[in-house]
Amino acid sequence: MSCSTVTVVRPRAWIGCLPCYNEGRLVGEWVDAAEAGDLTPADLHGTPTTHEELWVFDLEGFPQGIGEMSPSAAVPWGELFDEVGEVQWPGLLAWVESGCYVAEGTGDRPSLPDFEEAYQGEGDSFADYAAQLAEDIGLTDGWPEEAQRYFDWEAWTRDLKFDYTIAAAPDGGVFIFRSL
């Protein structure tokens, strides 16, 4: 399996003051998602204020398709990044973006144990993954040479693919997830 060379962005949220936004003023700042719940309206304004509502208007380092949210909803994503780590974060994002992920509880936060069970890594292609898997499990060990020679690798790989979700990796390879 290959390793991604893509720069990983830690999940961050642009939190703004909702009353100011509704008045046509942008008052807000970028914060680490794990700390989004700690920001107060007074922090944003630099002084005490009567404005009480904050909202996440922009995100980076989150899966595509995740939209605006409350600051408290951003926190679990920052915590998940800390649990998963920078190396596996692109894989987790791809798993969520594939739509074949398992959510934790009633929200959209992916289940880390299920991700760890499903994630098979990143490679150049699914065919390469299948060939390595066949070698690792000794698929044709003990078979007569003639049987090995006539084994239909393309059909086996095609059939194996039904048990997996494949997602494009940013560097041109693929992320591979075993279906749960």
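Me: Where does Thr157 lie?

Reply: Helices (H or I, at least four residues) and strands (E, at least two) are DSSP runs, numbered from the N terminus. Thr157 belongs to helix H8, which spans residues 153-160. This is a predicted model, in which local features need pLDDT of at least 70 and side-chain atom pairs count only at pLDDT 80 or more, while totals for chains, interfaces and linings use all residues. Residues are numbered from 1 along each chain as its sequence is written, and side-chain values use heavy atoms, with hydrogens and water left out.

Me: Is Thr157 buried or exposed?

Reply: A residue is called buried under 20% relative accessible area, exposed over 50%, and partly exposed in between, using a 1.4 Å probe and protein chains only. Thr157 has a relative accessibility of 16% and therefore counts as buried. Also buried in H8 are Ala155, Trp156 and Leu160.

Me: Which residues is Thr157 in contact with, leaving aside its neighbours within four places in sequence?

Reply: Contact means heavy atoms within 4.5 Å. With those neighbours set aside, Thr157 contacts Phe126, Ala127 and Ala130. For the helix, the buried residues of H8 pack against helix H6 (126-137) and strand E5 (164-168).

Me: What is found at the start of H8?

Reply: A polar contact is a pair of N or O atoms within 3.5 Å; within protein, one must be able to donate a hydrogen and the other to accept it, and residues adjacent in sequence count only if both atoms are side-chain atoms. At the start of H8, the backbone nitrogen of Glu154 has a side-chain oxygen of Asp152 within 3.3 Å.

Me: How many salt bridges does the count give?

Reply: A salt bridge is a side-chain nitrogen of Lys or Arg within 4 Å of a carboxyl oxygen of Asp or Glu. The count comes to seven salt bridges. One of them joins Asp32 and Arg10, whose closest N and O atoms are 2.3 Å apart. Asp32 is in strand E2 (residues 28-32) and Arg10 in the segment before strand E1 (12-17), so this pair ties together parts 22 residues apart in sequence. Asp32 is buried, at 18% relative accessible area, whereas Arg10 is partly exposed, at 30%.

Me: Which residue meets Arg178 in a salt bridge?

Reply: Arg178 meets the side chain of Glu117, with an N to O distance of 3.7 Å. Arg178 lies in strand E6 (residues 174-178) and Glu117 in helix H5 (residues 112-118), so parts that are 61 residues apart in sequence are tied together. Arg178, at 31% relative accessibility, is partly exposed, and Glu117 is partly exposed at 41%. Salt bridges may also share partners: Arg10, Asp32 and Asp82 are joined in this way into one network.

Me: How many aromatic pairs does a search of the whole structure find?

Reply: Rings of Phe, Tyr and Trp (its six-membered ring) pair if their centres lie within 6.5 Å; planes under 30 degrees apart count as stacked, over 60 as edge-to-face and the rest as tilted. The search finds 16 aromatic pairs. In one of them, Trp95 and Tyr101 have ring centres 6.0 Å apart and planes at 70 degrees, so the pair is edge-to-face. Trp95 is buried, with a relative accessible area of 2%, and Tyr101 is partly exposed, at 24%. The rings of Trp143 and Phe151 are also edge-to-face, because their planes stand at 70 degrees, with centres 5.2 Å apart.

Me: Which residues form one aromatic cluster with Trp95?

Reply: Tyr101, Phe115, Tyr119, Phe175 and Phe177 form one aromatic cluster with Trp95.

Me: Where is Val9 found, and which residues does Val9 touch?

Reply: Val9 is in the segment before E1, and is partly exposed, with a relative accessible area of 36%. Not counting residues up to four places away in sequence, Val9 touches Glu60, Gly61, Phe81 and Trp89. The C-alpha atoms of Val9 and Phe81 are separated by 9.9 Å, although these residues are 72 residues apart along the chain.
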